[in-house]
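New page in the notebook. I wanted to look through this one slowly and jot down what I found along the way.

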Amino acid sequence: MKTHFIAIGGSAMHNLAIALKDKGYQVTGSDDAIFEPSKSRLEKKGIMPREMGWFPEKITPDIDAVILGMHAHQDNPELARAKELGLKIYSYPEFLYEQSKNKTRVVIAGSHGKTTITSMILHVLNFHRKDVDFMVGAQLEGFDCMVKLTQDNDFMVLEGDEYLSSPIDLRSKFLLYQPNIALMSGIAWDHINVFKTFDDYIEQFRKFVASITAGGVLVYNEEDPEVVKVVENAENYFRKIPYKTPEYEISNGKVYLKTEMGDVPLSVFGAHNLLNLEGARHICQQLGIMDEDFYEAIMSFKGASKRLEKVEREDKGILYKDFAHAPSKVKAAVKAFVEQFKTDKKYGFLELHTYSSLNPAFLEQYDHAMDGLDEAVVFYSEDALKIKRMEPISPEFIKEKFRNDHLKVFTNAEDLHAYWNTLDKTDGVYLMMSSGNFGGLDLTK
């Protein structure tokens, strides 16, 4: 099969391209910019474009599938050529469904926790050498590629994102998967640049539940009232399995899960991660993994990349980085950090740089998000606001919306870095929350 990727360099797209190359497909692609690690990984597989840019002449009538990434625009010249030739154009999730429509599809959805839960499931399955196809949005220890597609595997585990499928397909990605087994971890308003109201956002999850195949299974977080409402109001038939935060204790800085089989030591911490773990356990049960085997495997799970991930520093200071930037994720990460390091001085840094997080109307969602930290810092770039053509935001406005008068607010990277350099990183513990890089801050030094 001959496939061509428009915007092959994306974190998701390049993994799919590699998976198809490994499957024996003929793979080509284009992009206007490709960064690491995508660049090296595509080069290793021999599918890195020779030059950057869009080349309509690459689009030939013998291409079986054109896969369109979100990074491309609607007026992309390669897309126009593909339409002109009448080629089959897929979004990323649409193509994944095509690859898995004869398998049992397991889809993990939710505003928060879906990457971690998917990662936990894959870790357990990998530990017990149970082979499945999969797609997950974070790099996992022990996995070379974050997409796997085979002819033979019976199951496919998919991280289900509610964001748009492609520039020409404005459906939420997870609506294309039609799960046989699903999980919903939580609902907290996100992506307000696309979903203008909370009800519009919730509607995507209503549609997701409605897309579960007849007689399927939904594992859901019974502690989230929005999730419960969506599940209770669903009109289609499926089996409902609720889950909640399990019992646990922290002893000498170590988290222990309380189970019928005794205390299970864990390498992750935070109530939200214990809740994620419980959801993963129920999904693994559906895949034939007994609880005893689940607990044996989960003890060695160290977390998904950038999800409360410990950074090895030159000075041996204790620092964790987390992808958290949406309000619900920030609150969960801070709560976990405060609970885990009760007796230490706790520093928390948050970078706001997405459209949602810099929207004045959305900033209300961050109220008390940094509470419990001894030193709380918020950074956003005034230059980024200009580039995004957004209105200026004052530090006073940030403090007001966070409901935190002691918040330190920095609006340019130089001032942030200067403050960072005054801190003794071996005095206290540090939580760095961002989907960016704090203006180029080196967290290892």
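How much area is buried between domain 1 and domain 2, and what part of it do carbon and sulfur atoms give? I looked that up before anything else, keeping in mind that this is a predicted model. About 1400 Å² is buried between the two domains, and carbon and sulfur atoms give 70% of that.

**Entry: who touches whom**

I went on to see which pieces of domain 1 make up its side of this contact. Helix 1 (11–23), strand 3 (65–68) and helix 3 (77–85) each bring at least two residues to the side that touches domain 2. Helix 1 has the largest share, with six residues. Sorting the residues on that side by kind, I got eleven nonpolar, five polar and three charged.

Then I counted both sides: 19 residues of domain 1 are in contact with 18 residues of domain 2. I looked for salt bridges between the two domains and came back with zero. Polar contacts did turn up, in four residue pairs.

**Entry: the layout**

Domain 1 covers 2–87, domain 2 covers 95–299 and domain 3 covers 309–440. Going by C-alpha atoms, I have the centres of domain 1 and domain 2 at 28 Å from each other.

Seven strands make it up, in the order 7-6-8-5-11-12-13, and I noted it as open with mixed pairing. Which strands sit at the edges? I found strand 7 (147–148) and strand 13 (238–243) there, each pairing on one side only.

I followed strand 7 to its partner. Strand 6 (residues 133–135) runs antiparallel to strand 7, and two bridges join them. Met135 is the residue I found opposite Val147 of strand 7.

Last, I looked at strand 18 (residues 318–322). Strand 17 (residues 309–311) pairs with strand 18 in the antiparallel sense, over three bridges. Here I saw Glu309 standing opposite Lys321 in strand 18. Strands 17 and 18 form a hairpin, with six residues between them.

In which sense do strand 18 and strand 22 (residues 429–433) pair, parallel or antiparallel? I got parallel, over five bridges. One pair I wrote down is Leu319 with its bridge partner Tyr430 in strand 22.

Definitions and conventions: Residues are numbered from 1 along each chain as its sequence is written. This is a predicted model: local features need pLDDT of at least 70, side-chain atom pairs count only at pLDDT 80 or more; totals for chains, interfaces and linings use all residues. Side-chain values use heavy atoms; hydrogens and water are left out. Domain bounds come from an automatic or database domain assignment. Contact means heavy atoms within 4.5 Å. Buried area is the accessible area (1.4 Å probe) that two parts lose on being put together, summed over both. A salt bridge is a side-chain nitrogen of Lys or Arg within 4 Å of a carboxyl oxygen of Asp or Glu. A polar contact is a pair of N or O atoms within 3.5 Å; within protein, one must be able to donate a hydrogen and the other to accept it, and residues adjacent in sequence count only if both atoms are side-chain atoms. Helices (H or I, at least four residues) and strands (E, at least two) are DSSP runs, numbered from the N terminus. Ala, Val, Leu, Ile, Met, Phe, Trp, Tyr, Cys and Pro count as nonpolar, Asp, Glu, Lys and Arg as charged, and the others, Gly among them, as polar. Two strands pair if DSSP finds at least two bridges between them.
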